[in-house]
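Colleague: I am new to this structure. Could you walk me through it, one question at a time?

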Amino acid sequence: MLKLLDSSAVTVVLGVTLTIVLAALLRLAG
Amino acid sequence: MEGILFEVLARWLHFVGALVWVGHNYATAVTRPRYMPLTAADLSDPESPRQRALMQREHGTFRYASLLTWGSGALILWYRGWLVDALSLHGSLAPLGLGMWIATLMVCNLWFVLWPHQKRVLGFVPASLDERLRASRVTFLSARVNTMLSIPVLFLMGAGTHGIALFG
């Protein structure tokens, strides 16, 4: 799993995905 | 008037600190898009190009910038009387609070995971060659985790101030 972070591009994709998930959770909770 | 000036200055320090800190991560992500493991030859020869590059790299400013960023952010929340509600993810302060929790993880990751391992890699703390090689992998992953986490934190910083209607 951590090996995915070897690539900058994958790191950014993971960061954006995490952002979308957290924003959706906040929206649902709000 | 003094209150506004204080908050603007704290916010300015917050932006500058974040740029210096996370800018280091982003610069590395751009200049070295793929992981290039250090080798025993790199670490055992002080004149090797990679060891020289490692030693010449800046190792202090971004760590202290992380404290400035965290501290100024906490100060703004405290000054506004928002700190407890943000940290307990209460109401419209939940986005900002979540951002602060993730940023706190990032500061801990930097100071308690990356830096102790980096000191081994650099030879500031005595360690065998194998330990130094393993530590270099940990520092890389630690930095990349912070790069990944900075993306939602920046979103939550913006959403907390300018996007309250989205989450309120």
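This is a predicted model: local features need pLDDT of at least 70, side-chain atom pairs count only at pLDDT 80 or more; totals for chains, interfaces and linings use all residues.

Colleague: Start with chain A. How many helices and strands are there in chain A?

Modeller: Chain A has 30 residues, and 10% of them count as buried. Its C-alpha atoms fill a box of roughly 35 × 15 × 5 Å along the principal axes. The count for chain A is zero strands and one helix.

Colleague: And chain B: in what order do its elements run from the N terminus on?

Modeller: Chain B has 168 residues, of which 32% count as buried. Its C-alpha trace spans about 55 × 30 × 25 Å along the principal axes. There are eight helices and zero strands in chain B. From the N terminus on, the order is α-α-α-α-α-α-α-α.

Colleague: Among contacts in chain B between residues at least 6 apart in sequence, what percentage join residues at least 24 apart?

Modeller: Two residues are in contact if their C-beta atoms lie within 7 Å. Take the contacts in chain B between residues at least 6 apart in sequence; the share joining residues at least 24 apart is 70%.

Colleague: Now the two chains together. How many residues of chain B are in contact with chain A?

Modeller: Look at the chain A side to begin with. By class, its residues that touch chain B are 11 nonpolar, six polar and two charged. That side has 19 residues, and the number in contact with them from chain B is 18.

Colleague: At what angle do H1(A) and H7(B) cross?

Modeller: H1 of chain A covers residues 8-29, and H7 of chain B covers 129-162. H1(A) passes H7(B) in a right-handed crossing. Their axes come within 8 Å, and the crossing angle is roughly 40°.

Colleague: Which residues of H7(B) make that contact with H1(A)?

Modeller: By class, the contact of H1(A) with H7(B) has 10 nonpolar, four polar and one charged residues. From H1(A) come Thr11(A), Val12(A), Leu14(A), Gly15(A), Val16(A), Leu18(A), Thr19(A), Leu22(A) and Ala23(A). From H7(B) come Arg144(B), Thr147(B), Met148(B), Ile151(B), Pro152(B) and Phe155(B).

Colleague: Inside chain B, is H4(B) roughly parallel or roughly antiparallel to H6(B)?

Modeller: H4(B), residues 61-80, and H6(B), residues 94-122, have axes 10 Å apart. They pack at an angle of about 155°. An angle over 145 degrees counts as roughly antiparallel. H4(B) is therefore, relative to H6(B), roughly antiparallel.

Colleague: Which residues of H4(B) make the contact with H6(B)?

Modeller: H4(B) passes H6(B) in a left-handed crossing. By class, their contact has seven nonpolar, three polar and one charged residues. H6(B) brings Met100(B), Ala103(B), Thr104(B), Val107(B), Leu110(B), Trp111(B) and Trp115(B). H4(B) brings Arg63(B), Ser66(B), Trp70(B) and Gly73(B).

Colleague: Which element gives the largest share of the largest nonpolar core?

Modeller: This core has 24 residues, and those touching the most other members are Ala86(B), Leu96(B), Ala103(B), Leu149(B), Val153(B) and Leu156(B). The elements giving two or more residues to this core are H4, H6 and H7 of chain B. The largest share is 10 residues, and it comes from H7(B).

Colleague: Which residues is Val153(B) in contact with, leaving aside its neighbours within four places in sequence?

Modeller: Val153(B) is among the core residues that touch the most other members. Leaving aside sequence neighbours within four places, the contacts of Val153(B) are Gly99(B), Ile102(B) and Ala103(B).

Colleague: Is Leu93(B) buried or exposed?

Modeller: Leu93(B) lies in the loop between H5 and H6 of chain B. Beyond four places in sequence, its contacts are Trp82(B), Asp85(B) and Ala86(B). A residue needs 20 or more other C-beta atoms within 10 Å to count as buried. Leu93(B) has 23, so the answer is buried.

Colleague: Where is Asp85(B), and which residues is Asp85(B) in contact with?

Modeller: Asp85(B) sits in helix H5 of chain B. It is partly exposed, with 17 other C-beta atoms within 10 Å. Leaving aside neighbours within four places in sequence, its contacts are His90(B), Gly91(B) and Leu93(B).

Colleague: What is the phi of Leu89(B)?

Modeller: Leu89(B) is also in the loop between H5 and H6 of chain B. It counts as partly exposed, with 16 C-beta neighbours inside 10 Å. Most residues other than glycine have a negative phi. For Leu89(B) the value is positive, near 55°.

Definitions and conventions:
Residues are numbered from 1 along each chain as its sequence is written. Chains are lettered from A and ligands numbered from 1 in the order in which they are written. Ala, Val, Leu, Ile, Met, Phe, Trp, Tyr, Cys and Pro count as nonpolar, Asp, Glu, Lys and Arg as charged, and the others, Gly among them, as polar. Axes are lines fitted to C-alpha atoms, for helices over the stretch in contact, and angles run from 0 to 180 degrees between N-to-C directions. Helices (H or I, at least four residues) and strands (E, at least two) are DSSP runs, numbered from the N terminus. Angles under 35 degrees count as roughly parallel, over 145 as roughly antiparallel, 65 to 115 as roughly perpendicular and the rest as oblique. A crossing is left-handed if the near helix is turned anticlockwise from the far one by less than a right angle, and right-handed if clockwise. A residue is buried if 20 or more other C-beta atoms lie within 10 Å of its own, exposed if 12 or fewer, and partly exposed in between; C-beta atoms are placed from the backbone. A nonpolar core is a set of buried Ala, Val, Leu, Ile, Met, Phe, Trp, Tyr and Cys residues joined through C-beta atoms within 7 Å.
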